[in-house]
Amino acid sequence: MSGLLLLVGSMVIFFVAYVTYGSWLCKKWGVDPTRKTPAERLCDNVDYMPTKPAVLMGHHFSSIAGAGPIVGPITAAVFGWVPVMLWILIGSIFFGGVHDFGALYSSIRFDGKTIGQIIDATLGKSGKFLFSIFAYVTLLVVIAAFANIVAATFVASPQAATASLLFIVLAVIFGFSVYRCGLSLGLGTVIGVIMLVVAIAIGNMYPLHLSKNVWVCILMVYIFVASIAPVWILLQPRDYLNSFLLYACIAFALVGIAIYQPSMQLPAFTTFDPSGKGTNPMFPMLFVTVACGAISGFHSLVSSGTTSKQLDSEGNAKLIGYGSMLLEGVLAVVAVVAVGYVGGDKLTELLKNGGPVNVFADGVGTFMTKLGFSFGVAKGFVALTISAFAMTTLDTATRLGRFIFQELFTKVDPKTGEAQGNVLTNPFVATLITVVLSGYMSLGSYLTIWPIFGAANQLLAALSLLAVGVWLKSVGRDNLMVLIPMAFMFCVTLVALA
């Protein structure tokens, strides 16, 4: 099977789905471009801020992508590339896209509140409390795990560490220049992208060598600052500029595959149970392993946590919510082509010495050699891109953790309906507690529950779909397109957890 045909065919299917199914969802749900969004009504330039679609797309896509759509498909390749491809296509269009779009749209109609608040309004306070606790613990595990991943990457590739630190400085300069000094977004983007390349070059010249524990401490300080700083000064610009790394990586992969013309060396289908012991059956494990490339509960937290507070028009909800999920599906297909091309004994060796990320970097790096890059430079660029997005997931997850923690301890006056805060709802206190807990878990305790994280993350998706479905029903809108994936995901995750 031609990898190019697989990739192009998938992109065509995704495009048709965006134009048809995405537009149908807008019509069924009553998306209204003339309605003011929470970002416009509640703008505080800290969390709520109307943001141009291109910038918000960069933030949202950077936050939900990370290493998920790469690790999942490559890990699930033990079942063969056909089952993985089918789940990516069907999942992205009818499951993940609906999930992300639904979470974003429902949050917009709830003043940018998280899924937990929507559950409070539709299912009651007990449901909200249980969901919020579950989501908060999930975020702590994400932060702890990704802090370890990023720290390990910086130890193994000190040049990536230098470049990543320079990206942070560059983001702050970009934020001040565009939002406070009047620099146009277009000119700022051109300069910013050029400086990204310069930062990568400087990183290669001056690698920063520190121990893993030191890097974890530095990362904890960074995510504390990133979580409480106004979105325009760090979160938005960093995610926006970093998104160009991923866009470039996808573009290089597409062109490289078009020239290289790789064929799939991996079997189309292997077996329903690769373990041979009944411990790893295709159902439900395929649907838990391939998460971000098809559907992921973490996405609902991003959609209803940071993105909904920055959307400048309901008319852009389809692009940000549904479009980003389909673009992530494209990245997952690239991962399938990469692992399919590598195949055989080399695949086993690469997995043993670096895991799925190493497989992806090796495959895409090989394709990029057809563009004139040396293999070493190409593979290093891919690895740097993945580490940059792991850091993006870190700071976004911390801010989301702060939101959920604040909502947990915010009381509402039954007479006036006004929110009443306390010391635990203070953003600095909520962030500090989140960072300290995740920092403690990053020392190793997160590994205790990490084996069930995949199923827990997908259960989060099922719960989010439940919340969206109940809300749609409560406002008189069709919710069948939400109920079907919800029922399937509940079935998958409960069987997997059992």
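In which helix is the place of alanine 455? Alanine 455 lies in helix H19, which spans residues 453-474, where helices (H or I, at least four residues) and strands (E, at least two) are DSSP runs numbered from the N terminus. The structure is a predicted model, in which local features need pLDDT of at least 70 and side-chain atom pairs count only at pLDDT 80 or more, while totals for chains, interfaces and linings use all residues. Residues are numbered from 1 along each chain as its sequence is written, and side-chain values use heavy atoms, with hydrogens and water left out.

With a relative accessible area of 6%, alanine 455 is buried, a class that means under 20% relative accessible area, with exposed meaning over 50% and partly exposed in between (1.4 Å probe, protein chains only). When residues up to four places away in sequence are not counted, alanine 455 touches Val288, Thr493, Ala496 and Leu497, contact being defined as heavy atoms within 4.5 Å. Glycine 363 is 92 residues from alanine 455 along the chain, and the C-alpha atoms of the two are separated by 28 Å. Burial also marks helix H13 (residues 297-305), which is mostly covered, with 9 of its 9 residues buried; among them are Phe298, His299, Leu301 and Val302.

The axes of helix H7 (residues 125-156) and helix H8 (residues 158-179) come within 5 Å and cross at roughly 120°, the axes being lines fitted to C-alpha atoms, for helices over the stretch in contact, with angles that run from 0 to 180 degrees between N-to-C directions. On the H7 side, Phe154, Val155 and Ala156 meet Pro158, Ala160, Ala161 and Ser164 of H8. The contact of H7 with H8 has 6 nonpolar residues, 1 polar residue and no charged residues, where Ala, Val, Leu, Ile, Met, Phe, Trp, Tyr, Cys and Pro count as nonpolar, Asp, Glu, Lys and Arg as charged, and the others, Gly among them, as polar.

The structure holds 29 aromatic pairs, in which rings of Phe, Tyr and Trp (its six-membered ring) have centres within 6.5 Å, and planes under 30 degrees apart count as stacked, over 60 as edge-to-face and the rest as tilted. The rings of tryptophan 87 and phenylalanine 488 form a tilted pair, with centres 6.1 Å apart and planes at 45°. This pair links distant parts of the chain, as tryptophan 87 belongs to helix H5 (residues 81-108) and phenylalanine 488 to helix H20 (residues 480-497), 401 residues apart. Tryptophan 87 is buried at 5%, whereas phenylalanine 488 is partly exposed at 26%. Tyrosine 136 and phenylalanine 405 form a tilted pair with ring centres 5.6 Å apart and planes at 45°, and this pair joins helix H7 to helix H17 (residues 375-408) across 269 residues. Tyrosine 136 is buried at 7% relative accessibility, and phenylalanine 405 is buried at 7%. Ring pairs also link Trp29, Phe101, Tyr105, Phe110 and Trp471 into a cluster.

The count of disulfides comes to 0, a disulfide being a pair of cysteine sulfur atoms within 2.5 Å. The cysteine sulfur closest to that of cysteine 43 belongs to cysteine 181 and lies 18 Å away, too far for a bond. Cysteine 43 is partly exposed at 38% relative accessibility, whereas cysteine 181 is exposed at 61%.
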